[in-house]
Amino acid sequence: MKYVIVSGGVVSGLGKGVTISSLGRMLRGCGLRVTSIKIDPYLNVDAGTMSPFEHGEVFVLGDGGESDLDLGNYERFLDIQLTSEHNITTGKIYREVISRERRGDYLGKTVQVVPHITNEIQDWIERVAKVPVDDSGEEADVCLIEVGGTVGDIESSIFFEALRQFQFRVGYENFCLMFVSLVPILSDEQKTKPTQHGVKSLMSLGLSPKVIFCRCPLPLEQACKNKISAFCHVPSDNVISVHDVNNVYHVPLLLMQQNLHRIIAKELNLEAKMQIENPDMKKWSDMAHSVDGFTESVKIALIGKYNGLQDAYLSIIKSLKHASIACERKLDLVWVEASQLESSDNEEYESNWEKIKTADGVIVPGGFGTRGFNGKCIAAEYCRKNKKPYLGICLGFQAMVVEYARNVIGWDDANSAEFDESTAHPVIVFMPEIDKETMGGNMRLGARNTKFTHKHDDGSMATAQIMYDCAEIVSERHRHRYEVNPEVVDTVHDAGLKFVGRDETGERMEVAELPRSQHPYYVGCQYHPEFKSRPLRPSPPFYGLLLASIGKLDEFIAENHA
Ligand code: GLN
């Protein structure tokens, strides 16, 4: 196994995740199998209990792991499926060591940060790197490891110490350290000092990078590369310019243009294994370039809670992008704060409704907590009545059901028990198997099957099912505590909101829609399809939304489903 370790310095938010995913994409193009591990030096066991408005979205993995959003970047760019173990946190490592100590595994010994914690980190990396992550079912050739945070942080120091030891454990020729830095431009001059300081801190930990990525608004000048080379102990060819490009899909190509694949082949002794001369990047490169050329756009209103951090909805935005690429449109995403749709006594009321009215399609993503829930229901009602394409995900699906119960069935007080426990019409209820006492990792999480069984009255197949290539069973990821109340399923279904997809027992509702004879696209799913979308393979419900939004869904269905 070859290890490529990437850490960052100077500031956070440099796009380390995108750089590493792009590096991985490039290696995939050279014929290597690639896996990845993200190290997060915080004490939370996983990201499940962390606020998306502070840390960005909680990414859900197939095995139900709730992880840092960077694992989503890796899955999308590398087209792999990771597990909860691929996200190492300080919390997980300490929990493991402490439970061993309690079991008596270290009997007689003093349990210490060095060597017990550092050994546990190294064992963990070696074990998880071997887990197959792509369809081949085989072990990867290269394991990318991202160390979260910035070099010099107190909390990440133990991981750097473990990695310092690790280079001897696995051998120097199997270990390649890289550093992502920032080169700011002041008075037209590209400044190298922050990079010099970052690399110095890394060296003081006994680690010396072989490649330095420099984030810069403009391409790095040769003089700047030379200076970094001189001060940071790397050849100037190994100083890679990661400047701003038209879209992120260009980054793998940008790295390749600077011969990063050759550098890695040499450093890690991979020349014989890699397709260096004719890498397979054509589809990817065509996509990256096509995105630059789109002239028409599609406007989608995203109705959620907004506080300035777009990362809170990262996978949703990526999925909309993937689907818009397949539709050959620029994505014009407009944000709507759900709570401001509720009553006209706030200043933004009119402008938010204007955004919805002028959008080609609407998406209501998942969420927790009562703020804005009624706004989401009113938006669902508006889209239903005005034939505006709508996709509801998780809470957005639950809002469709609540709205339908209130306005079509006539249960004025219908609600989710999450927001009103005493309503006479709880159409969304707490799932019986969920434990109310604890918070971490106890939702209905991860991949589960949905079965499409329903045919609409006119004999047509459900739109959602058609979008999944007419598959009868699909697997998507979940993260919820509440579900459609089994006692109201028949009433809602018979009233017209059709539950077209259910779990394998038939008791849990997964997908609802209005027949296409009534609405161009009104679809909701309890699961989160956004976690499995890929740049070259958009998620089916998203693709359906976008096609309907540009008025091409019927054409697509006629062509793909005779
Ligand atoms: N809060 C809802 C539930 O727990 C929806 C969750 C979600 O949207 N992820 O069921």
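I began with the accessibility of arginine 215, which is partly exposed at a relative accessible area of 22%; here buried means under 20% relative accessible area, exposed means over 50%, and partly exposed lies in between, with a 1.4 Å probe and protein chains only. I noted that this is a predicted model, in which local features need pLDDT of at least 70 and side-chain atom pairs count only at pLDDT 80 or more, while totals for chains, interfaces and linings use all residues. Residues are numbered from 1 along each chain as its sequence is written, and side-chain values use heavy atoms, with hydrogens and water left out.

Next I looked up the partner of arginine 215: aspartate 244 forms a salt bridge with it, the closest N and O atoms being 3.2 Å apart (a salt bridge is a side-chain nitrogen of Lys or Arg within 4 Å of a carboxyl oxygen of Asp or Glu). Aspartate 244 lies in the loop between β11 (239-243) and α9 (251-257) and arginine 215 in strand β10 (residues 211-216), so the pair ties together parts 29 residues apart in sequence; helices (H or I, at least four residues) and strands (E, at least two) are DSSP runs, numbered from the N terminus. Aspartate 244 is partly exposed, at 46% relative accessibility.

I then turned to arginine 100, whose side chain meets that of glutamate 120 in a salt bridge of 2.8 Å, N to O. This pair links helix α4 (residues 90-103), which holds arginine 100, to helix α5 (residues 113-129), which holds glutamate 120. Glutamate 120 is buried at 3%, whereas arginine 100 is partly exposed at 22%.

Finally, I recorded that the search of the whole structure finds 32 salt bridges.
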